[in-house]
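Please examine the model shown below before reading on.

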Amino acid sequence: MSHAVKRLNIEEFVRPEVIVNPYPYYESLRSEPPQFGLLDYPPGTIPGQDKPHPAWALFNYDDVASAARTHDSFSSRDPMQEASAAPTLMLVNHDRPEHTVLRSIAQKAFTPKRVLEDVGPWAEEVVAGMFDRLESPEMDFMESFAVEVPARFLTRLIGTPEEDWPLLRDWGNAFMVTADYTAEQRNQRNREVEAYYTEAVMARYEDIAQGIQPPDDLMTAFINVEHGGRTLSPEEVIRFCITLVVAGAETTVYFLGNLVATLLEKPELFTLLQNDRSQLRPFMEESLRRDGPIQRLFRICTQDTELGGVTISKDEWVALFFASANRDPAVFENPDEFILNRPNIKHHMTFGHGIHFCMGNAVARMEAEKLMNGILDRVTGIELGEGGIKRQSGGLLNYGAESLNIRFLMK
């Protein structure tokens with residue numbers, strides 16, 4: 001590794017050249033004790049308007065896993081995001097015991113049948129239709145496929161008009177502090193997403209009150225489901241919808257792009273997958289480990305805690321770098337290599353760890369599987385197009401392509 005990244009100042013960690021490829025910097029810091037002074041923004045906050053708190057940064061697997069599972073010492077509440085003008089997220093920013101109740105309710109609504117059986121076949125039709133409409137085998141894959149699939153899927157899953165999918169992508173991009181928006185542009189989009197789902201949810205409540213049979217989608221399920229006599233308030237239903245959108249319409253986009261980027265890097269995998277679809281899931285899991293979109297999430301220390309050889313004081317912020325943990329050589333042999341069917345692949349932490357393990361993981365995996373099968377059915381290979389790959393540099397939360405110019409070799 002070059003000495004240029006050997007001793008990176010944690011205060012400068014959010015520079016564009018680091019965001020584009022953070023992995024050499026993780027490697028340079030992983031063997032060090034936790035570093036203090038990271039200044040970065042949680043989802044739903046506004047750069048230039050909100051003031052970030054200096055945070056401890058955890059880079060090795062053991063430290064990240066320890067903080068993620070010790071939820072009583074490392075709270076998921078985010079007072080910075082709560083004080084922001086943006087809507088507060090559900091589950092992501094809740095602690096026990098409220099988190100336990102809300103997650104139990106959400107699990108009853110978020111059934112595998114609703115995700116895989118009710119909406120899954122429709123996702124196959126969407127992908128097939130996108131190929132049928134292709135005007136040229138040359139395209140920016142991010143624009144032509146990756147941004148559309150997750151957003152369209154969420155409109156069907158939640159229960160809003162499918163043609164509104166571009167709004168979901170825009171709202172997610174602004175909320176997750178990725179794209180280069182101004183503070184006012186972010187505020188405007190946050191107001192829009194809240195107003196949109198407030199109107200949709202309240203209209204659904206009114207239909208139910210009038211005896212109109214509602215569609216069996218996630219919005220209806222959130223309204224009707226109960227756990228131990230507890231039901232969700234209208235505000236909680238609205239915030240659940242927003243949480244799904246800002247998370248699912250953004251991170252999955254980069255996941256899909258990273259899968260295709262890997263096929264460009266290792267074209268022999270395309271042939272392998274085309275001939276043996278049983279290898280598609282292992283391929284996706286290794287991509288999630290090596291190139292998982294989510295880089296880090298924040299926690300707040302609730303009591304003085306020893307971790308990684310340092311003392312983290314009560315009320316101090318902590319950044320858990322899941323993406324760095326996924327490349328810790330103490331856990332994953334030759335971590336920078338893409339190795340299909342790693343024996344311990346289930347230990348990757350791209351979807352989190354502990355009680356906050358992402359409930360939407362099955363949705364992201366299903367979307368990726370439908371899209372990849374659609375590609376493998378329709379083309380004989382993928383080549384890098386003019387303009388190549390440009391990775392996003394707007395925020396450290398996600399790793400992925402801003403543009404990915406490719407050429408499909410059509411059958």
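This is a predicted model: local features need pLDDT of at least 70, side-chain atom pairs count only at pLDDT 80 or more; totals for chains, interfaces and linings use all residues.

Which residue of strand 10 does Ala57 stand opposite? The residue is Ala319. Strand 2, covering residues 55-58, pairs with strand 10, covering residues 317-320, in the parallel sense, and four bridges connect the two. Both strands belong to an open sheet of five strands, whose order is 1-2-10-7-3 and whose pairing is mixed. At the edges of this sheet are strand 1 (35-38) and strand 3 (74-75), each of which pairs on one side only. As background, the strands of a sheet pair through backbone hydrogen bonds, in either a parallel or an antiparallel arrangement.

A further open sheet consists of three strands in the order 4-12-11, and its pairing is antiparallel. Strand 4 (138-140) and strand 11 (379-391) each have a single partner strand, so one side of each is left without a neighbour in the sheet. On average, and with direction ignored, neighbouring strands here are turned by 25° against each other. Strand 4 runs antiparallel to strand 12 (residues 401-410), and three bridges join them. Within this pairing, Asp140 stands opposite Asn405 in strand 12. Helix 14 (residues 251-265) packs on the sheet, where it touches strand 11 and strand 12. The direction of helix 14 makes about 110° with that of strand 11.

The helix packing may be followed from helix 7, which comprises residues 120-132. Its axis lies 9 Å from that of helix 18 (residues 361-378), and the two pack at an angle of about 40°. Since angles under 35 degrees would count as roughly parallel and those from 65 to 115 as roughly perpendicular, helix 7 and helix 18 are therefore oblique to each other. The crossing of helix 7 past helix 18 is right-handed. On the side of helix 7, the contact is made by Gly120, Ala123, Glu124, Val127, Ala128, Phe131 and Asp132. Helix 18 contributes Met366, Lys370, Leu371, Gly374, Ile375 and Arg378. By class, this contact between helix 7 and helix 18 holds seven nonpolar, two polar and four charged residues.

Helix 7 also packs with helix 9 (residues 148-158), at an angle of about 140° and with the axes 11 Å apart. Because only angles over 145 degrees count as roughly antiparallel, helix 7 and helix 9 are likewise classed as oblique to each other. Helix 7 passes helix 9 in a right-handed crossing. Trp122, Ala123, Val126 and Met130 of helix 7 meet Glu148, Val149, Arg152, Phe153 and Arg156 of helix 9 in this contact. The residues of the contact of helix 7 with helix 9 comprise six nonpolar, no polar and three charged.

Most residues other than glycine have a negative phi. Asn334, however, has a positive phi, near 45°, and is found in the loop between helix 17 (322-325) and helix 18. The relative accessibility of Asn334 is 40%, so this residue counts as partly exposed. Asn341 lies in the loop between helix 17 and helix 18 as well, and its phi is also positive, near 60°. With a relative accessibility of 45%, Asn341 counts as partly exposed.

Definitions and conventions:
Residues are numbered from 1 along each chain as its sequence is written. Side-chain values use heavy atoms; hydrogens and water are left out. Axes are lines fitted to C-alpha atoms, for helices over the stretch in contact, and angles run from 0 to 180 degrees between N-to-C directions. A crossing is left-handed if the near helix is turned anticlockwise from the far one by less than a right angle, and right-handed if clockwise. Contact means heavy atoms within 4.5 Å. Ala, Val, Leu, Ile, Met, Phe, Trp, Tyr, Cys and Pro count as nonpolar, Asp, Glu, Lys and Arg as charged, and the others, Gly among them, as polar. Two strands pair if DSSP finds at least two bridges between them. Buried means under 20% relative accessible area, exposed over 50%, partly exposed in between (1.4 Å probe, protein chains only).
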